[in-house]
Amino acid sequence: MKNKFQKIRAEFLEKLKTVSDVGGLRELELQYLSRKGELSSLMHELKDLSVDMKKELGALANNIKNELETTFNEVKDQLDKLSVKNALVDITVPGVEPVHGHLNPITIIQREMEDIFSSLGFTIFDGPELESDYFNFTALNIPPFHPARDMQDTFYVDSKNQDGDLDLVMRTHTSPVQIRAMRKLGAPLKVVVPGRCFRNEATDARHEHTFYQFEGLVVGENINFANLKSLLELVGKKLFGPNTKLRMRPKFYPFVEPGNNGEYTCFLCNGQGCRVCKNTGWLEIVGGGLVHPDVLRAGGLDPEKYSGLAFGFGLTRLAMLKYGVTDVRLFNSGDLKFLEQF
Ligand SMILES: [Zn+2]
């Protein structure tokens, strides 16, 4: 048995000399030094010996065990140091700061608008981008035969309703959410709806098939045109500064009666006239009006009892004006050279 111990010792030390990596070390440790390794197994057999033999061989076995473990750890330390030195990564080089993402300019404007309207007690309300034909058009007083549909050609999804009509469209405006909000929240209500819209456009610097709107709806008893004007005036001052003026001119939208477009003092030239406002001193930024009774009905509300006002900002247009962007297609281009400027 004494020889067996000596043999294990010799074998182990011989093999340790040829080990060149951590993997080899681990194999050696498993084979000889682990709990089920050769040395432990042999030491286990000591229990069957006489007391004297146990004493003698036990001491020898312990000595060998200590020697092998010490030598093993020395070699392990050397290999560890070597592997750090040889590593391809120089761990003393300072780290590279990761690139931080940031908000798209349209999102920046959207949040600014949401802050303004939240401070005025509006709820931010959301609706689907893939909308039913009914919510997008018919419920907003734009029935299938109505010429207003021509102005909002969009992408129809290949799914038909019971009558064989195409009934899903990519929404052309955020206005269908007016109907959803009235049906869900009832009256009185104050909501704003930021969101992405789609139209089948021949794209150029001023036209894009995907753009963003910011819709607003107030419904209650005795809501009137003066409420609309004062609200839009206040928002204009918050957006563009305290000297901002609003002018409203009649405009046709099928879902309001009467309808208007709203122009603010050009914030680039303070109303003096510049290239962007085409020397008029005014920028057309918001459309609005009083909610058409048919739209209130489609929202499940009684137009004899309630009236409402609605308005819509072009978020994409606001971002273009604010940042002086001359080509609308840049916003969705994914071009980092453009986006990283904001
Ligand atoms: Zn101007």
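What follows is a short chat about the model.

Modeller: Before we start, this is a predicted model, where local features need pLDDT of at least 70, side-chain atom pairs count only at pLDDT 80 or more, and totals for chains, interfaces and linings use all residues. Residues are numbered from 1 along each chain as its sequence is written.

Colleague: Fine. How far apart do the C-alpha centres of domain 1 and domain 2 lie?

Modeller: Domain 1 covers 2–86 and domain 2 covers 105–339, with bounds that come from an automatic or database domain assignment. The distance between their C-alpha centres is 80 Å.

Colleague: Are α1 and α4 roughly parallel or roughly antiparallel?

Modeller: Helices here are DSSP runs of H or I with at least four residues, strands are E runs of at least two, and both are numbered from the N terminus. The axes of α1 (residues 2–18) and α4 (residues 51–86) come within 10 Å and cross at roughly 5°; axes are lines fitted to C-alpha atoms, for helices over the stretch in contact, with angles from 0 to 180 degrees between N-to-C directions. Angles under 35 degrees count as roughly parallel, over 145 as roughly antiparallel, 65 to 115 as roughly perpendicular and the rest as oblique. So α1 against α4 is roughly parallel.

Colleague: And by class, how many nonpolar residues does the contact of α1 with α4 have?

Modeller: On the α1 side, F5, F12 and L16 are among the residues that meet α4, whose own set includes L60, I64 and F72; contact requires C-beta atoms, placed from the backbone, within 7 Å. For classes, Ala, Val, Leu, Ile, Met, Phe, Trp, Tyr, Cys and Pro count as nonpolar, Asp, Glu, Lys and Arg as charged, and the others, Gly among them, as polar. There are one polar and two charged residues, and the nonpolar count is 11.

Colleague: Which residues have the most contacts inside the largest nonpolar core?

Modeller: A core is a set of buried Ala, Val, Leu, Ile, Met, Phe, Trp, Tyr and Cys residues joined through C-beta atoms within 7 Å. Buried takes 20 or more other C-beta atoms within 10 Å of a residue's own, exposed is 12 or fewer, and partly exposed is in between, with C-beta atoms placed from the backbone. The largest core has 62 residues, and the best connected inside it are V191, V219 and L315.

Colleague: Where is the proline that has a cis peptide bond from E257?

Modeller: Most peptide bonds are trans. The bond from E257 to P258 is cis, with omega near 0°. P258 sits in strand β8 (residues 256–265).

Colleague: Last one: is N279 buried or exposed?

Modeller: N279 lies in the loop between β8 and β9 and has a positive phi of about 60° although it is not a glycine. Most residues other than glycine have a negative phi. Because N279 has 11 C-beta neighbours inside 10 Å, it counts as exposed.

Terms used:
Two residues are in contact if their C-beta atoms, placed from the backbone, lie within 7 Å.
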